[in-house]
Amino acid sequence: MKRTMRRRWIRTAFDAYAPRLLRYVARLVGDEAARDIVQQTFMKLWQVDPPPVGDHLAPWLYTVCRRSAIDLRRKESRMLAHQAQLRVAPPPSATPQRTPTETKVEANQILAMLGRLPEGEREVLRLRFASGLSYREIADVTDKPIGTVSALMHRGIRSLRTAVGEASS
Amino acid sequence: MSLHDDPRLTAYALGELDAAETTEFEALLANDPAAQAEVDAIRSMAALLEGELSTEADAPVDEALRADVLAGPSKSRGWMLWASGIAAAAAAFGLFVMSANDEPDAASRLNAGAAPKSAPVFLQGPAEPEEKTPRVAASVASMAPQSAAPMRHADRAREKATALNLRSINRDSRFADGAVVGDAPVGGYDPNVALPPAAAAPATRAARPMQLAVGKTAGKKIATGLLGRGDAFNADPAGRDQFIAPPENPFTQPTLEPLSTFSIDVDTASYSMVRSRLNQGRRPNPASVRIEELMNYFDYDYAPPVDGQPFATHVEVASAPWAPAHRLVRVGLKGKMVDRPRANLVFLLDVSGSMSARNKLPLLKDAMSTLVDNLHPDDRVAIVVYAGASGLVLDSTPAKNKRAILGALERLKSGGGTNGGAGIQQAYWVAARNFVQGGVNRVIIGTDGDFNVGTTSRHALVEMVEQRAQGGIALTVLGFGMGGSGGGYNDATLEQLADKGDGNYAFIDTASEARKVLVDQLDGTLVTIAKDVKIQVEFNPARVAAYRLIGYENRRLAAQDFNDDTKDAGEIGAGHAVTALYEVIPTGVAGGRTVDPLKYQRPKPIDPTSREMLTLKLRYQPPTGGKSTLISGAVIDDGVQFDAASADLRFAASVAAFGMLLRGSPHAGSATMDAVLGWAGDALGKDEWRYRQGFLDLVRKARRLR
């Protein structure tokens with residue numbers, strides 16, 4: 001493929017996925033490292049031939065990002081063991097504006113409740129609802145059997161519904 | 001095991017089951033109302049989550065990062081992390097990585113610990129020789145030290161996130177779709193698939209109009225009828241509707257012109273337009289006010305025909321409320337009732353940010369309200385929307401509850417990203433729940449092409465659409481505003497879906513197109529019972545000094561066209577009611593003579609003994625065409641006053657007066673909006689679905705504009 005054509009293709013891919021990937025990776029390792037990981041992921045996209053297309057592009061990008069992030073976390077936990085825990089689940093880089101309406105309060109509660117779920121459930125829910133991946137893609141990205149993803153998703157949504165029910169009663 | 005604990009419950013709600021699993025699971029669901037309720041609850045939670053997470057601020061994508069990425073590998077930095085990412089990818093996507101270079105052991109070496117020296121093989125890339133990309137050795141050397149930066153700076157205060165740019169996400173999501181659309185096998189990468197469609201778009205667009213669903217003759221004819229007339233209702237290419245006002249019919253003396261001939265008209269579009277303008281607090285364009293369409297918007301309680309006639313004719317005469325010395329002649333036709341298949345329509349509407357353009361969502365809403373006006377009362381309509389979140393905004397509702405449907409339409413607002421995958425699942429779910437055996441069951445997608453299948457793989461989606469079509473739920477896709485640089489590949493997805501869904505794909509760019517196509521969709525549900533229905537009235541000069549047909553300006557025919565079966569006229573559908581009003585100035589009342597007496601001709605002999613006011617003649621052809629049939633009868637005026645007339649006549653007269661006021665008609669006499677409120681308020685009849693009540697609301701809105 002000609003380089004100029006590939007550049008156009010990369011640009012479209014970058015504009016489509018970079019914001020979501022950055023948000024996703026930032027939750028794993030923080031904003032600074034996320035920037036580098038996302039950059040490297042797209043650099044990698046320059047290199048692969050044939051490039052992942054169609055249904056494969058999103059899981060490919062998420063897989064590369066996620067593994068880089070996990071590697072980084074492992075490395076950090078070795079080097080900065082006492083700080084490692086801080087980085088497990090950083091808070092969102094910006095919290096949505098709180099408005100006094102009923103639904104917004106409920107919605108904010110949802111995010112807080114999401115944060116309290118076990119990491120496995122939280123991760124599949126985020127990959128699904130923040131990043132729009134399918135069960136199959138989530139299974140590929142997280143390296144879990146699809147049945148596990150299905151069960152995590154079911155439990156996660158169940159817990160959130162229960163939590164919302166308790167909060168509103 | 002209770003379905004409650006079955007993970008398939010969530011998988012089903014999210015559309016993750018394949019076709020066979022779906023069938024199997026739906027069988028289980030059918031006997032378990034609690035589980036059905038849970039499916040809905042799961043979907044609500046999913047929508048809430050999706051909505052909440054999508055409004056979370058994205059991490060900032062700074063221009064420097066973008067520039068670095070677009071510059072390509074030669075400027076890469078932080079390669080150590082990158083290398084480990086590659087190694088990770090190598091595990092999952094070995095074939096991509098292995099083919100990235102010619103060194104068979106590259107991946108394993110990186111995996112082992114990412115020695116800097118192994119990096120260059122990845123950095124070489126597919127650069128064209130002529131581009132003279134700096135080779136990597138240097139950049140590796142200079143970039144390597146930065147690999148530690150992320151760790152050093154990881155605890156820095158985080159940059160403030162920028163607001164999510166919906167427009168750009170929206171546009172960008174096309175890419176995702178585009179990539180998905182191509183159906184390129186993993187190994188066979190077609191650059192055209194994922195590239196912006198600039199080059200391919202013109203061809204696609206040129207081809208689009210040809211793909212419009214051209215209905216069978218009946219559907220097409222009805223569409224023509226509904227759209228009205230090219231001469232009065234045109235839409236320019238930018239989607240702005242242009243109206244050319246036909247002058248109102250003047251009073252005519254029967255001594256000069258005894259015959260009044262016109263085609264019936266079952267359009268109601270003008271009422272929708274007037275309503276939408278008034279609801280926006282704006283005065284309707286007088287030229288858009290077509291009084292016959294306002295009158296025909298409403299149902300009238302005319303008795304259906306007996307003895308196998310296609311329609312019944314009901315004539316009533318009373319005084320005109322705005323000019324008590326004048327007489328109103330109301331001609332009402334009622335088509336026979338025919339059992340036709342009921343329709344179960346589920347609209348899946350894209351309300352993402354890009355749909356807010358005036359040639360998209362507003363057009364769709366307008367067309368849908370026209371459609372709803374034309375549905376049979378027992379047809380059902382549901383509305384599912386998709387954007388950042390997807391959800392059911394209107395559960396399946398009988399079309400006779402027009403108010404609820406129109407209310408839901410009014411409330412639709414655009415905003416948010418696009419995720420059609422979840423939406424289409426839900427739309428089919430609603431359609432399946434309200435399935436009409438032997439009827440028309442159809443999901444209708446309205447989108448501008450940002451159909452991000454998102455959470456569902458495209459393959460599974462196509463399979464589901466196909467399977468649903470076999471189960472009797474068809475799919476129609478209406479594309480909006482897909483001209484310009486946007487079109488391209490998503491077109492292909494949508495078209496493929498429609499194709500598999502046993503449906504049609506139509507591109508809609510103007511209001512007139514929207515109405516036409518939506519009514520074409522009704523092809524299977526509307527039954528024409530007579531076509532080319534023409535009315536000819538002969539007035540008796542002994543009783544009538546002058547007459548005037550109210551409205552129908554564009555439907556007037558020459559007297560000789562009445563008996564000419566080659567002259568087209570309007571259709572009447574099953575159960576349709578058509579109303580026409582004449583305003584008549586009786587002989588002996590001032591104002592009847594508008595033209596001086598003729599000097600060289602004597603009026604034809606008049607039978608002074610005839611009490612007949614007029615003779616009404618109707619001509620129609622069977623729906624399949626062929627020789628026309630004539631019905632005729634004489635009408636005698638019994639001198640009934642307006643107050644004593646039927647509620648139907650009084651209401652039709654009120655609507656006519658309202659139309660005349662909106663048009664600024666010189667014939668409106670003593671009519672005012674207040675007077676219209678009074679006349680119509682006394683003529684509501686049963687008004688089971690509150691259409692007439694809705695009319696009162698409109699009159700009040702119009703009154704405030706004065």
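This is a predicted model: local features need pLDDT of at least 70, side-chain atom pairs count only at pLDDT 80 or more; totals for chains, interfaces and linings use all residues.
View 1. The secondary structure of chain B consists of 25 helices and 17 strands, and 57% of its 706 residues count as buried. Carbon and sulfur atoms account for 53% of the accessible surface of chain B, which comes to about 28300 Å².

**View 2. A negative surface patch on chain B.** The patch is formed by B:Asp18, B:Glu21, B:Glu463 and B:Glu466. One of these residues, B:Glu21, belongs to helix 2 of chain B, spanning residues 19-30, and B:Glu21 counts as partly exposed because its relative accessibility is 35%.

**View 3. The salt bridge between B:Arg66 and A:Asp15.** The structure holds 26 salt bridges over all chains, and in the one shown here the side chains of B:Arg66 and A:Asp15 meet at 2.5 Å, N to O. B:Arg66 lies in helix 4 (residues 63-71) of chain B, whereas A:Asp15 lies in helix 1 (residues 3-29) of chain A, so the pair joins two chains. With a relative accessibility of 19%, A:Asp15 counts as buried, the cut-off for that class being under 20%.

**View 4. The salt bridge between A:Arg158 and B:Asp5, and the network around this pair.** The closest N and O atoms of A:Arg158 and B:Asp5 are 3.4 Å apart. This pair crosses between chains, with A:Arg158 in helix 7 (residues 146-168) of chain A and B:Asp5 in the segment before helix 1 (7-13) of chain B. A:Arg158 is buried, with a relative accessible area of 19%, while B:Asp5 counts as partly exposed at 45% relative accessibility. Both residues belong to a network of salt bridges in which A:Arg158, A:Arg161, B:Asp5 and B:Glu38 are linked.

**View 5. The salt bridge between B:Arg703 and B:Asp674 within chain B.** The closest N and O atoms of B:Arg703 and B:Asp674 are 2.6 Å apart.

Notes:
Residues are numbered from 1 along each chain as its sequence is written. Chains are lettered from A and ligands numbered from 1 in the order in which they are written. Side-chain values use heavy atoms; hydrogens and water are left out. Helices (H or I, at least four residues) and strands (E, at least two) are DSSP runs, numbered from the N terminus. Buried means under 20% relative accessible area, exposed over 50%, partly exposed in between (1.4 Å probe, protein chains only). Accessible areas come from the Shrake-Rupley method with a 1.4 Å probe; for residues, only the protein chains shown count as cover. Patches are made of residues with over 30% relative accessible area and no salt bridge: like charges are joined within 9 Å, nonpolar side chains (Val, Leu, Ile, Met, Phe, Trp, Tyr) within 5 Å. A salt bridge is a side-chain nitrogen of Lys or Arg within 4 Å of a carboxyl oxygen of Asp or Glu. Lys and Arg count as positive and Asp and Glu as negative; His and the chain ends are not counted. The place of a charge is taken as NZ of Lys, CZ of Arg, CG of Asp or CD of Glu.
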